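This report describes the fold of a single protein. Please examine the sequence and the model together before reading on.

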Amino acid sequence: MGLKKTSSKLSQTAVLKQIVKRCSSLGRKQEQHYEDVPKGHFVVYVGINRSRYIIPISFLSHPEFQKLLQRAEEEFGFDHEMGLTIPCEEHVFESLTSMLR
């Protein structure tokens, strides 16, 4: 059982690294203002209006944020050119991220 948990943890880490890598490469290709993204951060788009947020990579380790990423994958997938979109209302996202800081 411990091996399965470790394996799951390793695959989760690999998935998170892929997300960060994809977000970083999308940012370089798609964002005209990429230089405003500090090292250790990445861009996500939230809500119906796709508002742009710059968030720390450390958020990826929080279970609450991982749930949002799972919803994003289910709803939008990660293989599109518009950047990582989080399917949640902006005020909910802002509330969550303020608790994670």
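## Overall architecture

The model is predicted. The protein contains three helices and three strands, and from the N terminus on these elements follow the order α-β-β-α-β-α.

Of the 101 residues in the protein, 37% are buried. The accessible surface amounts to about 7000 Å², and carbon and sulfur atoms account for 55% of that area. Where contacts link residues at least 6 apart in sequence, 48% of them join residues at least 24 apart.

## The sheet and its packing helix

The three strands form an open sheet in the order β2-β1-β3, and the pairing is mixed. Strands β2 and β3 are the edge strands, since each pairs on one side only. Helix α3, residues 90–100, packs on this sheet and touches β1, β2 and β3. The direction of helix α3 makes about 15 degrees with that of β2.

In general, the strands of a sheet pair through backbone hydrogen bonds, in either a parallel or an antiparallel manner.

Strand β1 spans residues 41–46, and five of its six residues are buried, so the strand is largely enclosed by the rest of the structure. The cut-off for a buried residue is a relative accessible area under 20%.

On one side, β1 runs antiparallel to strand β2 (residues 51–56), and six bridges join the two. Within this pairing, I54 of β2 is the bridge partner of V43. The hairpin of β1 and β2 has four residues between the strands, and G47 in this hairpin takes a positive phi near 80 degrees.

With strand β3 (residues 85–86), β1 runs parallel, and two bridges join this pair. Here Y45 stands opposite T85, and V46 stands opposite I86.

## Residue T85

T85 lies in strand β3. Is this residue buried or exposed? The relative accessibility of T85 is 6%, and T85 therefore counts as buried.

T85 may also be located relative to L69: the two residues are 16 apart in sequence, and their C-alpha atoms are 8.8 Å apart in space. Within the sheet, the residue opposite T85 is Y45.

## Summary

In this predicted model, the sheet has the strand order β2-β1-β3. Strand β1 is joined to β2 by six bridges and to β3 by two, while helix α3 packs on the sheet.

Methods
Residues are numbered from 1 along each chain as its sequence is written. This is a predicted model: local features need pLDDT of at least 70, side-chain atom pairs count only at pLDDT 80 or more; totals for chains, interfaces and linings use all residues. Side-chain values use heavy atoms; hydrogens and water are left out. Buried means under 20% relative accessible area, exposed over 50%, partly exposed in between (1.4 Å probe, protein chains only). Two strands pair if DSSP finds at least two bridges between them. Contact means heavy atoms within 4.5 Å. Accessible areas come from the Shrake-Rupley method with a 1.4 Å probe; for residues, only the protein chains shown count as cover. Axes are lines fitted to C-alpha atoms, for helices over the stretch in contact, and angles run from 0 to 180 degrees between N-to-C directions.
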